[in-house]
Every structure is written in structure tokens, then in C-alpha cells.
Amino acid sequence: MDIDSHPDTSYKVSGLWLEDGSLVIKAGNRLFKIHRSTLATQSPVFADMISFPPSQDQEFLDGCPLVELPDDPEAVEFFLRAVTLPDFFLPPPAATHYHVVAGVLRMAHKYECSAFRHRALQHLSIRFSTTLVDYTHRNYISKPIFRGYGDSEKIAYNLDFISLLYETEALWCLPLQYQGILSWIPRSLMSIINGIDFKSRHYGITSDQQVALIAGKENFRQQVITSMNAFSSAAPECTQNGCQQPRRKLLAAFIKLNPSKLSNPWLKCWFDLENPTVYTFCQPCRDKAKQDYQNLRQTAWDRLPQAFGLPSWDELNEMKKKAVGHGIGFWNKLFVSHSRTSSAFDWKAPFRPRALTPDVICSYLILPLANVHFCVKKFLKNVRSDHTTHIMDIDSQPDSPHQVPDLWLEDGNLVIKAGNRIFRVHRSTLAAQSSVFADMLSFPPSPNQEIFDGCPLVEVPDDPASIEFFLRAVTQPDFFLPPPAEAHYHVIAGILRISHKYDCSIFRSRALRHLSIRCSTTLNDYTHRDYISNSIFGSYNSFEERAYGLDFVSLIYEVGALWCLPVHYRTLTTWIPESLAAILDGIEFQSRHYKITSDQQITMISGKEFLRRELTALMKTIHSPSPDCAQNGCQRAHKVLLATFIRLSPSIASNPWFSRWFDLENSTVYPFCMLCREKAKQDFQNLRQESWNRLPQVFGLPSWDELNQMKKNAIGHGTGSIYIQIHPLIVVSQSTSIQDLNV
């Protein structure tokens, strides 16, 4: 039965009514026309539902089978947008809102869509820690889900959240959710008991949940009293008659605490016990109060789940691990690891001078920079004759064409052939992501249009692997996610080349973000980039890394991402002299020849010499003592520093702004006097900044200001500081305090 019209209240949802869709879904008064294969790929329940042949009384709309769902229309819409639109529901740290997360999670849980259930649970788990360490460091990302709602919305969604957690079995979020709602008592007690009406729906919790919540409030009050009793006892070694005055001040602060903080006995900044001007404890009493407080925090945390009748933290963490995996604490660890020290190198490794071969002479001979350019050009002219400027595909006779299994969609209406690979996809999906493909497919087919399996055949001249990566990114939501999700260079490069050529802005921007994280454009980001700097090349062996490192230079020029070049060129200079032959002659890898142009080779080798000069200037600067030196010029310390310099490996020696180049804080290694130490540190920091500022010009590139403007135009505001990448809703600066974050 073909139904061409529905009641006036039903409407087609914009963006989810695809002209070449093969299935119509109705939820409430909303109509969606999508691809059967897209839905079946994500959900085995939907796959089973639509696998049955249509019955005789099957309804049709617009020539497609009609399936009516009993679910909330808004939740269905959010779920279908997540499945079909690659930028709608990204994993954290992308920003989102509770009603979106809840809608996607309910649908994904009910219809067994594991990818989006996992993604929604990630968003919730970031906000709700299950260890005290994560809770302590969660402030930067603690409130993105409920941010931006009014008071009535917050109350409604917080009550709904409790129901959602029981419904989807995400019990590990409940202890902190219950604890957060405690601050509503007694102000919003009636909302807890009676529920609240919002947007034609009633939000409330069960009577058992109400009892657990109110009983938990009293439990916390008792813990606060116990906390104050712990603070009220002086240390046996007290030197200030029991420190009575600071204890009275502490008690006054306790009385002034607002109810939300009173219900949280493990809040890290509950009392500023480190501040001697606020609480003038003697040192023994201060140490005792801090230790008592830490012990009580841990005890209170350990008992939190049981206060609400929930399993222990061990059991909850096991549930969390099974549902979401081991990567839950990554976001908090990212902040903690921001200040970690980089891996140390062996200072005692023997220093062996190299033989004076031509490559060593080119990279180490101290000459004026103009002479270096002349020598390098002459040397390159003698050792090679190939000036190829691009990657050459030297494949032998291609294999016979074959269909790529999971990119051959049964209801696809367009066949794409690249090399020996054939793909069957949806025209509308491709056209929505690429303006070039949209224009190509908008023309009516010509009389001699080649047809394959009943679909128009389009043959593209691009690399087959790159086309496959691009189509997977477009059709498979979990294949190519934004950073900090992991991605390998060959995948990024393939997607970037295709998305740049065919004007696919979403995936071009996403690929550029992956590259930009590795190639910092500010000294501060470069200093703290260690934990994510090698994710692109990290799984490759040294030979593969060399090949892709050369390809990276070609790729950057090809797509106009020049802001990545200064740091990448700097990295390539560490190959000299060991891998000079690879730079000059290129590398054969996987039937391809990877090579950079002669101008790029000259730029790189000349830059190596410039960086060596910077290092020499650095040593001269640090070697000069303070005018007020109290240790006869600190000669012993300077000799040790010079010996360290001589032992430096070439990779570190070519990096004059390496943040931990010398451990100048270590008085046992470098016994400077205080004045010389401070001068050396300040001189070192000044020279690092000057060297960084000059880095682009070393390689013949625009200034950092121009490069950063290019980067902003290409990717947007979220490409700089790691804080902005991790939390787009809260911009954290060095002066931001916990109070500023409204925790």
C-alpha cells in the first residue's frame, strides 16, 4: 500500500530526507528518509528488522518501505544525525549537550548500536569520575554536558539522568550524580519528590531513589562533622599552644561554607591549608591537618557508593571498563601529563667523532650561511641528477579489479573505480560531503555512460588506497575521528589529499588538525607537546618513518599547510648525516618512490647548519657568569655544562629550544651559585624564544604570525593550545583558578 500523504502534522526532517534514501522512518510527527545499509551497518537490531521481505500490507512512502518507531522523535532524530552526519556527534573532547547524549544513548542502547553507545558513555564518563585522582583533576572538563541550560532544564535533565543511568546500566556515573544533587536539598526538595514538568514531559525519580538521595545527605553532614573533629586536634609537637587562633578561623570558614561545598567533604580546595597568611598553623599542626584531611577524603570517597546503596568502586570500575574500555581516564591524564618531564637521554654515552665524509662536512663545517648554501648546491649537483618533485607511482601491471567488501553497499547507487578497487556508495552521501562530487553528479548521464551492476560508473585517477580511506571516513563514523583520537600518517595523508582535491571541508579540516597537533606553531605548545607528538608516526619502523617523513613535506606544500613545515623541517635535520642519502636520493617503499625537491633538500641541509650555529651561540651565552658571581665565575659548573654539551646527541644538539635541554635546577649536577643559575636560566629562555621566532625564516617560510593566520583560516580557533582542544567550552589560562571555573 503506497501512502503518498500523511496528516499535516507530519513533516520531513531537513538534512535527513535523502533523495536516494531507501527506507522511511516515522517517529511521532517526524519523517526521515535514509539508506538501509547505513542503518543496518550500525545496528544489528535494525539489520534484522529490515532483512525480512516486505509483507503484503507493508506501507510505502515516496516509493520506500515505511517503518514506524515508538521512540521519542527527538531521540530518533539525534541518533539518525549521529549515524549519517560525520560532524554531528563526535567523541570527547568535542562539546555536546545532555539532551543530545541522552537521545543517542537511549537509541543506541535499545537498538544495540555499540559504536554510538560507547561514544555517548564516553561523554558521560568524563564528567563522572570513578577514582579520587581523576575527580581531583577533572575541573577543566567537569560541566560541558549541562552547561548553557536554564534552572528548570538543569533540574529536569538531572532527574532524567538518574533514570537514564539505570536504563542503560551505566551505574558508575551514579555516585557523583547523586552527590551533585545533594546540593538541591532543601532548596529544591519538592522538585526531587514531585518531579518537574518541562517541554510537555514529566521528569522524576522513583521513591527508592529519593530515599537513597535524602539519606545520603545526612551521611555527608556526618562526614563533614567528622572532618572538623579531625582538624580540631593539635599535633603533639605543636609549638603554638595548640594553634587555637587558626583553628577558630578554620571553624569560621566552615560555618560560612555554602551547602554545595558542605556536601562535598573531599573537595580539594575546601580549605587553603597551604596558605600561611590565611591559617597561621605551626608546621607540625599544618602537616597533621593536611594528612588528616587527605586520609578523610580517601575514606569518604571509598564509602561514597555504599552511601547510595550501590556496588563498590571496584565493581563499578569493572562495569565501566567493560562498557567503555580502558581509555576513560585519558582526558584527565592529559592535563596531569601536561607538565611531565620528557624521556631522558643517556648523558654518559661515549662521544665518538665521525669521519670527515662529505655529508659530515656539509652539516658540521662552520661557514657563513651564504657559503653553506653555495657548498650544498655544489655538493648536491655532483651526487645526483634526479630532480623529481613528486611521489611517483611505480606499480607494475595492476591486479584485476575487485570489489571492496564493506564499501560495496547493497543499496548504493554509484560505483567508483580507483585503480584495481571498486566501491559502491550512495550519491547523496558523497555529494553532501564534497562540492566537487556534488557538481560532478548533478549532470545528467551521457548516452555512453558506463554502467556497472546497474549503477553509473565513475573512474577517478587517484591513488586507490587514498580513495578507500576517504570513502571509509565518509561512510563509517568511527574510522577517522578528530584528535586526540589516534590516526596513522598514511591514513591522514590519503584522506587529506582526496578531501583537498574534491573540496571536502570537514575531512580536510580534521586531517589538518591531526597534522597540526604534531607540528606546533607556538613555543609553549611545542614545549608541552611530548605526549601527543609521535602519535602519527609512532607505530612505524624507522624505514617507514623516513619514507613518510619525506612524503609529509610534499603533502604540506600540496595542500598549503605551510604552518607544519618549520617544526617538521627541524625534525628532518636530525637525519643528517646518518640518513643524508635518503634525503638526496629518496626512498623506495611499497612500490613508491618518496622524494623531496632539490630546493627542499638545500633548505633542509642549510637549516641544519643554522641550528648548529644557534647551539654555539647558546653555549656562549650560558657560559658567561653573572657579574655578581660569588664563586669565582662558577668555573666548575660551567665545565660540567660544557662537557654535557660535547656529549649531546646530534638530534638534541640541533634543537636549541628543547625545553629540558639542561637540568639547570639540579644543584648536584650543575653547582652554580644562585646568581649564575638564575642568569643561565634567563639567558637560556630568552635565546630559546629568539631561536623559535627565527625558525620559519631559517627554512625560507613566512613568519609565525602569518603561519598562525593561515592555520586559523584553515582549521579555526581550536588548533592552538591543548586546553582548547580538550575543552572547547572553557578556555583555561595560567591565571584561571578553580573558583573561576565555578566548580
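**Close-up 1. Tyrosine 98 in a predicted model, a buried residue that pairs with tyrosine 157.** In this predicted model, tyrosine 98 has a relative accessible area of 1% and is therefore buried, given that the term applies to values under 20%. A search of the whole structure finds 23 aromatic pairs, and the one formed by tyrosine 98 and tyrosine 157 is tilted, with 5.3 Å from centre to centre and 50° between the planes. Because tyrosine 98 belongs to helix α4 (residues 98-110) and tyrosine 157 to helix α7 (residues 151-167), the pair ties together parts that lie 59 residues apart in sequence.

**Close-up 2. The edge-to-face pair of phenylalanine 470 and phenylalanine 507.** The ring centres of phenylalanine 470 and phenylalanine 507 are 6.5 Å apart and their planes stand at 80°, so this pair is classed as edge-to-face. Phenylalanine 470 is part of helix α20 (residues 464-475), while phenylalanine 507 is part of helix α22 (residues 505-518), so the contact ties together parts 37 residues apart in sequence. Both phenylalanine 470 and phenylalanine 507 are buried.

**Close-up 3. A cluster of aromatic rings that includes tyrosine 98.** Ring pairs join Tyr98, Tyr157 and Tyr203 with Phe128, Phe161 and Phe198 into a cluster.

**Close-up 4. Helix α25, a mostly covered helix.** The buried residues of α25 are Leu565, Pro566, Val567, His568, Tyr569, Arg570 and Leu572.

Methods: Residues are numbered from 1 along each chain as its sequence is written. This is a predicted model: local features need pLDDT of at least 70, side-chain atom pairs count only at pLDDT 80 or more; totals for chains, interfaces and linings use all residues. Side-chain values use heavy atoms; hydrogens and water are left out. Buried means under 20% relative accessible area, exposed over 50%, partly exposed in between (1.4 Å probe, protein chains only). Helices (H or I, at least four residues) and strands (E, at least two) are DSSP runs, numbered from the N terminus. Rings of Phe, Tyr and Trp (its six-membered ring) pair if their centres lie within 6.5 Å; planes under 30 degrees apart count as stacked, over 60 as edge-to-face and the rest as tilted.
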